[in-house]
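Dear colleague,

I am passing on to you the structure that we spoke about, together with some notes on what I found in it. Please open it first, and then read on with the model beside you.

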Amino acid sequence: MEVGGERCAKQRQVLILFLLLGVALAGWESRRYSVMEEAESGSFVANLAKDLGLGVGELAAREAQVVSEDNEPRLQLDLQTGELILNEKLDREEMCGSTETCVMHFQVLLKKPMEVFRAELLVRDINDHSPEFPEREMTLKILETSPPGTVFPLKKAQDLDVGNNNIQNYYISPNSYFHVSTRNRGDGRKYPELVLDKELDREEQAELRLTVTALDGGSPPRSGTAQVRISILDVNDNAPEFAQTHYQVQVSEDSPVGTLVVKVSARDLDAGTNGEISYSLFYSSQEISSTFELDSISGEVRLIKKLDFETVPSYELEIDASDGGGLSGKCSVSIEVVDVNDNSPELTISSLTSPIPENAPETEVALFRIRDRDSGDNGRMACSIQDDLPFLLKPSEENFYTLVTEGALDREERAEYNITITVSDLGTPRRHTQHNLTVRVADVNDNAPAFSQPAYTLRVRENNSPALHIGTVRATDADAGANAQLTYSLLPPSDPHLPLASLVAINPDTGQLFALRALDYEALRAFDFQVRAADRGAPALSSQARVRVLVADANDHAPVVLYPPQNASAPCPELLPRAAEPGYLLAKVVAVDGDAGQNAWLSYRLLQATEPGLFGVGAHSGEVRTARPLSERDAPRQRLLLLVRDHGEPPLSASVALHVLLVDGFSQPYLPPPEAPGRAPGAGADEPLTVSLVGALACVSALLVGSLLALGAGRLCRRGGAASAGGGSGPAEGGVAGQLLDVGGTGTLAHSYRYEVCLAGVSGSDEFKFLKPVFPNILGQDVERKSEGSPTFENSLGI
C-alpha cells in the first residue's frame, strides 16, 4: 500500500504541474466541478453556458463539444440548455484507483471561432467498499521470551475507498496478552501492530487465536475481519537482518521477462534451523504478484511480466526474511520504471468537412488533437503535412490543430486531395503516426461552355429530305455535374426576314442540327445564325457560336431557250441569202439555266437538219453558221433541230427548232459591199452601164419593199387588235411582237447580238423576217440586261 501511495502522490504532482501550465497558456481559469461517484446517468453537473458567459443559443452556433483527456464519453453537453450532465455512472475506484483526489480533466471546445476552455471534474468518494484483509487468517510465531511492549506488525487491510471512507482504526478481540495499535506511515495509510502486554508462557498456553477488525470512517462505517493465530515458540534470540533496510533500483520498461531486478540479502547469527533464512513478500498486491517473482532461497527478484511505464511508473516491495526459529526481518525495495519511447503519437479527428467548395477563401477542413502517452522528449510531438498541398496546419491550445485551406481551390485543376498528417515525437528513436484524409473539392459553376470552334460551316445539297441531319455543334464545360450539363438552342436571327424557325432545328441535348424542309439553292444559297450552349448551373453560364449553312446546287433546272422563241403559233423563219459565204452567221441560240456552276454550263448540238451538211452550231456559243456555200439544189425552206444540254449529273436538256428561209437577191442590199482598194482596169468604160443597172434594180427593189412593208403593217395591226382582245397575253402565246431579243454578258453568248422577232399570223401563212439595212454579219448592238439572270426585249422596228 505504501508503493501505491507514493505512485499516487507522484501522479498528483504531475497533474498539478500540468494544470498550472495549462492555465498559464489558456488565459482562462480552469473551472472545477464535482460529482459523487455512482451518480445516475443524466445527473446534472454544471451549467457551462452560464459559467462561460455565453447564451444558450451560442453553444449550438459555435458547435460546442466536450472532449476528455482519455477520449471516454463520460460527459455530455446539452446544447439546448447549456447543462453539463453525466453520460454514465462513474466509478471512482475504476477511474483513479487508490489516488485520493480523483480528478477528470476535460476541455470545452468551441469551433466557430476556435476556443478551448479547460475544466476539471472532481469525483467524490462514497463509502461503497468494506475493508478486506489479504488473508482470512494470519499466523504469528512469538518467542516466549519476548518482553512486554514488543510490537508485532500485522498485515494491513485494504479499502478501495479514500479519505475518511478508508480504514481509520484496527481493533482486536478482548484478551489478556495483546492489544492493537494503529500506526500511520508516510503514504498516509494506517497499519495494525500487535503489542504484547505481558510475558507469554508456552507451557501455560502454546497458541492463541484472536480476531482483528479493520474499521473505516464512513457513515455508516464498514468493517472487515481476519483471524490471527499466535504460536508461542521456544527461544530463538537472533532474528535475520538485511544488509540494507531499503533497496532502490531502476528498470527499463522494455526489459524482457526474466530480467533480474534486484537481489536482497539477509543473515542470521543463529545456527541450525534458527539460522536458515527464507525470503518472501511480506505484502503483495495483485499487481505486484503478477509482475515480480521472489526466489525464497536466493532473494532474487525477477520480472515475470512486461512493464509499462504509462500504466504503473513505480513499485514498492516489502520483503520478509524468516529463519527456522520463526524470527524475521524486513526490508523495502523501491523499483522505478524507466520510460522508453514505446508509444507512437495518437491523432483523433474531432471534425472533418468534405467536400469543400472551390473558389472559397480560407476554409476550415478538419479539427484534430494529438497526444503521446510517453514522458519527457518521448512525449513531445511535432505535426506536419506535405509541402506541395494548398493547406496549412494551425496549432491551438491543448495540442489541438486546425487544418485550413491556404487559399481558394480550383476543382478544374484538382478535384481531390489526399492529405497525410504526420505526427512525430522527439524520442530516440523517433516514432511516427500518419493519418490520411481525403478532401474533395465541390464544383462551383465558374466555367462557361466552350464550343469546339468559334464558327461552323455546314454544307447541304438542295432538295434535301425534311428532318435531314446536316451537322453537329459541340461544346464542353470544364465544370462537373449539373454545371457541366449543356443545353443547345438557336438564337433569333439578325436578319428579321430569314425564317430560321422553319429552316433549321437543333437537338437541345446533343447539338445536332436538322433541316426542317427542303432547301432551294436558287431561292437561298446560304444563311447564318447563332447557336447558344448554356449549362444548368445557378446562375447558368453560356457561350455562342456562329453557324453558316451553304446550300449546294443540284441539277434540278433544265435549260430554257430564250431565242428562237418556241411559243409562237407559226414559226418565224430566219432569212438566209443564197449568196452567203461559208461561216455566215445565221442566228444565235440563246438559252439560260437556273442552276449554277457545272449544272449551268450549256453546250449546243445540232440534232436534225434538212440539209445535214449545210449548217453547223458552235458547241459553246450556240451560233448557227453556214458550213458550205449554198447551191440551187438546196431546198428553199430548211428546218434545224438544236439540242441545248447542261453538264449536271444527270444532265438535263432542251431542244429548239430553227426555221430558215433561203432568199435570192432580197438580202443582197444588206450584204457588205466588196472592199476593193481600187478600180479594176476598164471600170470607167462600164460605169454608165452599171449606174443604169443599179438604178433599175433600185426601183424594182423599192417597189417590192414598199409592198412588203404595207403587207407587214397590215398584219401587225390585225395582230395588235387580236392581242388586245385576248387580254394582253401576247408573250405567253408564242412570242414578243415586233421586238428584239436583247442578251448581253449572260447565258452562253460570247458577244452582244440584236435580233428582230417576227410574230406568227393567225393561220398557216408564212412570215418573213427582214434584216435591217446594216452590214451583213454585224447584227449585234450592245444589249442591256435589265435584271440579272433574265433577258429583256426592246422594240427596234415598227413592222
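This is a predicted model: local features need pLDDT of at least 70, side-chain atom pairs count only at pLDDT 80 or more; totals for chains, interfaces and linings use all residues.

I begin with charge on the surface. Asp201, Glu203, Glu204 and Asp234 gather there in a patch of negative charge. One of them, Glu203, lies in the loop that runs between β12 (190–196) and β13 (207–216), and Glu203 counts as exposed because its relative accessibility is 59%, where exposed means over 50%.

In one, Arg183 is joined to Glu193, with 3.2 Å between the closest N and O atoms. Arg183 belongs to strand β11 (residues 178–184) and Glu193 to strand β12, so this pair ties together parts that are ten residues apart in sequence. The two partners can also be described by their cover: Arg183 is partly exposed, at 45% relative accessibility, whereas Glu193 is buried, with a relative accessible area of 10%.

A second salt bridge is formed by Glu346 and Arg371, whose closest N and O atoms are 3.0 Å apart. Since Glu346 lies in strand β24 (residues 346–352) and Arg371 in strand β26 (residues 364–371), the pair ties together parts that are 25 residues apart in sequence. Here Glu346 is partly exposed, with a relative accessible area of 28%, while Arg371 counts as buried at 19% relative accessibility, because buried means under 20%.

In another salt bridge, the side chains of Glu623 and Arg625 meet at 3.0 Å, taken from N to O. Glu623 is buried, at 11% relative accessibility, and Arg625 is partly exposed, at 31% relative accessible area. Salt bridges also link Glu137, Glu207, Arg209 and Arg229 in a network.

Which side chain of opposite charge is nearest to Asp535, and how far away is it? The nearest is Arg536, at 8.5 Å, and Asp535 is buried yet has no salt bridge; a salt bridge would need a side-chain nitrogen of Lys or Arg within 4 Å of a carboxyl oxygen.

The remaining notes concern the backbone, and each of them can be checked by going to the residue named. Gly379 sits in the loop between β26 and β27 (381–384) and counts as buried, with 17% relative accessibility. Its C-alpha atom is separated by 9.0 Å from that of Ser344, although the two residues are 35 residues apart along the chain.

Where are the cis peptide bonds that I noted? One runs from Lys112 to Pro113, with omega near -10°, and Pro113 lies in the loop between β6 (103–110) and β7 (115–124). Another joins Tyr563 and Pro564, with omega at about 5°, and Pro564 is found in the loop between β41 (560–563) and β42 (574–577).

Finally, there are residues other than glycine with a positive phi. For Glu63, phi is near 55°; this residue is found in the loop between α3 (56–61) and β3 (65–68), and Glu63 is partly exposed, at 32% relative accessibility. For Ala467, phi is near 65°; Ala467 has its place in the loop between β33 (455–461) and β34 (468–472), and with a relative accessible area of 53% Ala467 is exposed.

With kind regards

Definitions and conventions
Residues are numbered from 1 along each chain as its sequence is written. Side-chain values use heavy atoms; hydrogens and water are left out. Patches are made of residues with over 30% relative accessible area and no salt bridge: like charges are joined within 9 Å, nonpolar side chains (Val, Leu, Ile, Met, Phe, Trp, Tyr) within 5 Å. Accessible areas come from the Shrake-Rupley method with a 1.4 Å probe; for residues, only the protein chains shown count as cover. Lys and Arg count as positive and Asp and Glu as negative; His and the chain ends are not counted. The place of a charge is taken as NZ of Lys, CZ of Arg, CG of Asp or CD of Glu. Helices (H or I, at least four residues) and strands (E, at least two) are DSSP runs, numbered from the N terminus. Buried means under 20% relative accessible area, exposed over 50%, partly exposed in between (1.4 Å probe, protein chains only).
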